[in-house]
Amino acid sequence: MRETISEGLKTALKARDQRRTATLRAINAAITDRDIANRGDGKGPATNDEVLAIIQKMVKQREESFAIYAQAGRADLATVEKEEIDILNEFLPKPLSEEEVSAAIEAAIVSSGAEGSKDMGKVIAALKVNYPGRIDFGKVSGQVRNALAAKG
């Protein structure tokens with residue numbers, strides 16, 4: 001992922017795309033911060049999963065800012081946030097559709113041997129391993145709970 005981000009930054013610099021350049025520099029800065037924190041903890045550089053988590057967090061922050069600016073009637077600032085969200089999303093894996101999420105939940109229930117709502121953690125853990133960055137776990141937890149309730 002680092003290479004993809006670096007190549008994107010080079011392309012943005014050559015194209016003189018200021019918004020894309022600033023956004024990609026922000027990603028690189030966040031990755032560098034994580035690398036430094038990892039070094040302090042005796043770990044290696046940030047893994048692709050950590051980079052993915054960083055970008056997801058940046059998207060979430062911008063979505064919150066976008067909502068605040070839109071509510072306050074600041075279309076100019078909301079537009080900036082939306083552009084940055086679009087740029088960040090280019091580096092995230094494609095999210096699963098509703099049907100794919102349902103199928104993934106069923107598969108995770110079967111593979112984890114979950115039998116009721118007490119096994120929700122097993123199912124969520126299986127989904128996180130198999131679909132990193134492709135499922136919004138805040139939204140999916142209710143679906144998992146319902147699927148387990150129907151089962152147990």
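Modeller: A helix here is a DSSP run of H or I that is at least four residues long, and helices are numbered from the N terminus. Asn38 is found in one of these, helix 2. Keep in mind that this is a predicted model.

Biologist: Okay. Why does Asn38 count as buried?

Modeller: Buried means under 20% relative accessible area. Asn38 has 3% relative accessibility, so Asn38 counts as buried.

Biologist: And which residues is Asn38 in contact with, leaving aside its neighbours within four places in sequence?

Modeller: Those are Lys43, Gly44, Pro45, Ala46 and Glu50. To qualify, heavy atoms have to come within 4.5 Å.

Biologist: What makes a polar contact with the side chain of Asp35?

Modeller: The side chain of Arg2 does, at 2.8 Å. The limit for a pair of N or O atoms is 3.5 Å, so 2.8 Å falls within it. Arg2 also turns up among the residues Asp35 touches, together with Pro45 and Ala46, once residues up to four places away in sequence are left out.

Biologist: Now the whole of helix 2. How do you know that the distance between its end C-alpha atoms agrees with 1.5 Å a residue?

Modeller: With 23 residues, helix 2 should span 33 Å, and its end C-alpha atoms are 33 Å apart, so the two agree.

Biologist: What caps the N-terminal end of helix 2?

Modeller: Asp17 does: one of its side-chain oxygens lies 3.4 Å from the backbone nitrogen of Arg19. After helix 2 comes Gly42, with a positive phi near 80°.

Biologist: Which other residues of helix 2 are buried, and what covers them?

Modeller: Along with Asp35 and Asn38, the buried residues are Thr21, Thr23, Leu24, Ile27 and Ile31. Their cover includes helix 1, helix 3 and helix 4.

Biologist: On to helix 3, then. How do you know that its reach is close to what is expected?

Modeller: Helix 3 (residues 48-71) has 24 residues, and at 1.5 Å a residue 34 Å is expected; from first C-alpha to last it reaches 35 Å, which is close. The buried residues of helix 3 include Glu50, Ile54, Met58 and Arg62, and helix 1, helix 2 and helix 4 are among what covers the buried set. Gly73 follows helix 3, and its phi is positive, near 80°.

Biologist: Where does the largest share of the lining of the largest pocket come from?

Modeller: From helix 3, which gives 7 residues. The pocket holds about 810 Å³ of space. In total 25 residues line the largest pocket, and those nearest its centre are Gln56, Gly133, Ile135, Asp136 and Phe137. Two or more lining residues come from each of helix 3, helix 5 and helix 7.

Biologist: How many residues of each class are in that lining?

Modeller: There are 12 nonpolar, 5 polar and 8 charged residues.

Definitions and conventions:
Residues are numbered from 1 along each chain as its sequence is written. This is a predicted model: local features need pLDDT of at least 70, side-chain atom pairs count only at pLDDT 80 or more; totals for chains, interfaces and linings use all residues. Side-chain values use heavy atoms; hydrogens and water are left out. A polar contact is a pair of N or O atoms within 3.5 Å; within protein, one must be able to donate a hydrogen and the other to accept it, and residues adjacent in sequence count only if both atoms are side-chain atoms. The expected span of a helix is 1.5 Å times one less than its number of residues. Buried means under 20% relative accessible area, exposed over 50%, partly exposed in between (1.4 Å probe, protein chains only). On a 1 Å grid over the protein atoms alone, a cavity is a set of points where a 1.4 Å probe fits but cannot get out, and a pocket is an open set with protein on both sides within 12 Å along at least five of seven lines; lining residues have an atom within 4 Å of a point. Grid points are joined across faces, edges and corners, and a volume is the space filled by probe spheres set on the points. Ala, Val, Leu, Ile, Met, Phe, Trp, Tyr, Cys and Pro count as nonpolar, Asp, Glu, Lys and Arg as charged, and the others, Gly among them, as polar.
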